[in-house]
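I opened my notebook to look up aromatic rings and the surface. My notes follow.

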Amino acid sequence: MLRKFKTKFSNMNLQLKIVFWFTVANFFATGVGLLTTPIFTRVLTTEEYGLYGVFNSYSTVLCVIATLNLHLTAIYNALTKRPNPKEEIVSSYQSLSMVVSIIFAVIAIVFRKPLADLMDLPEIIVVAMFVSFVFVEPYQLWLVYKRYQFSYQKPVILSISITIISPIISLLAIYLTPGDRGVARVLAYVVVCTILPGLFFYFVNYKKSKTFKDKELWTYALGFAIPLIPHYLSETLLNQTDKIMINHYFSTAEAGIYHVAFTAAGFVRILMTAINSAYIPWQFQKLKEKDYKSMERVSYSILIVLALIITLITLFAPEVIMILAGEKYNGAVALIPTLGASVFFNYMYQLYARVEMYCEKTSYTVIATFSATILNIVLNILFMPTFGYVFAGVSTLLSHMLFVIMHYFACKKVCRECLDGAKIYDGRIMLGISAVLTGIAIFTTWSYDYIVIRYIFIGVLLLIAFLFRKKIMAVFKMISKKPAKAEKAEDAEKADGAGDAADRADADDGTEKPEDKRDE
């Protein structure tokens, strides 16, 4: 069996290997998370555990502004369209982010007390949060750079290493701290997962290119990233505002329960991340080639696979929560169907949004995201005090539905304006998949009281997945096709053992190699 697996793996092309290894790394991270979450939820009180969830929510929201989110915005277009060497783009962009984040860190340190009162967080957590923003982008920009090189070994090894070290250091910090253990948990996470990797990759990226500032690159980045800040800020608020508002209306304990449900429902994001590692470059390539039919078929297949996985997670919600956090978090079960469906709609919108990004029509993206976020906040204000924190799942689902609808119409408009009126996605098919998943979410919520019916339904779904396993695998085979130049990159990587020789050569002469020009 091992020989067969080794043979099959060696015959995989590079992009399929990327999907495989990122899936392994992400599932490993989740596995460690699943194993350690019961420990954290038992050694910490619900308030101490909830502190980490609230910190994470604020951090995710504010990081968008304090770092410009360059690893999600300008870097992709710059690597694809700008003539500069890739290493120069990375080093210049990490410098730009560093300057912006240091300004925010200084302001936060000066005004730490009013900020702490506003966020209901300890002052030391507020300071640590803003200082950590200084170290976010170097690692993230390096990951994007490696993805464009079709290199996966080092990112996967580093991801697994951080996954192992982080909970160990966090638990040690908790046990060695006589005072507030929730604060110890947060600070340990900040140091291990953000500050230390950031310091290391500042050195790595500057070693490849000494460029601190390139005026044209900075101007391009600011012109591209700043208009998108409302979009990413709104999207982040859409995903994180529930925990913040639950903490405000109820307590940190309820926010901790919601965080457990959010973590369980977001299990499918592991697969989404792995698929996107190969699918995003593939989607942009198909947009270039105007091969919209292939892109459509693969997108529908991915959505169906995600819908099946989300359905299984929601059906096993009582068991998942019991294993993940214990009986005191039983209130999280009722949240998982709506939050799981929200994850599905969150992925669906990306299919439309990337078409808008490709055509650089970012204004439509901003309007859609902002509208959905406002709806989520308004619904929570109106109904959360009456129906309790469980309503946060409903408001999140309705907001993500609006999110998708607005991006659907925006994408159609963009296709008319810059893709010669191409019809990329069939709205009826997308609506059909969405309606089935939403109906299953409603059924699942009802089935929690009827364990026999629930397990029969689980068996039926597993049978369906088994019968259509070949079609599911075909999805990964289709997105694993790569350009010929990518094959050359893979051959070069095999020749030098780890792909480092190409990096060192690039650093020495500052020029782009042929494999780096695949997008031009």
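I began with an aromatic cluster formed by Tyr139, Trp142, Phe200 and Phe201. My model is predicted, with local features needing pLDDT of at least 70 and side-chain atom pairs 80 or more, while totals for chains, interfaces and linings use all residues. Residues are numbered from 1 along each chain as its sequence is written, and side-chain values use heavy atoms, without hydrogens and water.

I noted the pairing rule: rings of Phe, Tyr and Trp (its six-membered ring) pair if their centres lie within 6.5 Å; planes under 30 degrees apart are stacked, over 60 edge-to-face, and the rest tilted. I searched the whole structure and found 20 aromatic pairs. How far apart are the ring centres of Phe130 and Phe133? I read 5.4 Å, with the planes at 70°, so this pair is edge-to-face. Both residues, Phe130 and Phe133, are buried (under 20% relative accessible area; exposed is over 50%, partly exposed in between; 1.4 Å probe, protein chains only).

I went back to Phe200 and Phe201. Their pair is edge-to-face, at 5.0 Å centre to centre and 85° between the planes. Is Phe201 buried or exposed? Phe201 is buried, because its relative accessibility is 3%. Phe200 has 49%, so I wrote down partly exposed.

Next I checked a charge. The charged end of Arg185 sits over the ring of Phe40, 4.2 Å from its centre. It also sits over the ring of Tyr52, 4.2 Å from that centre. The rule asks for NZ of Lys or CZ of Arg within 6 Å of the ring centre and within 35 degrees of the ring normal.
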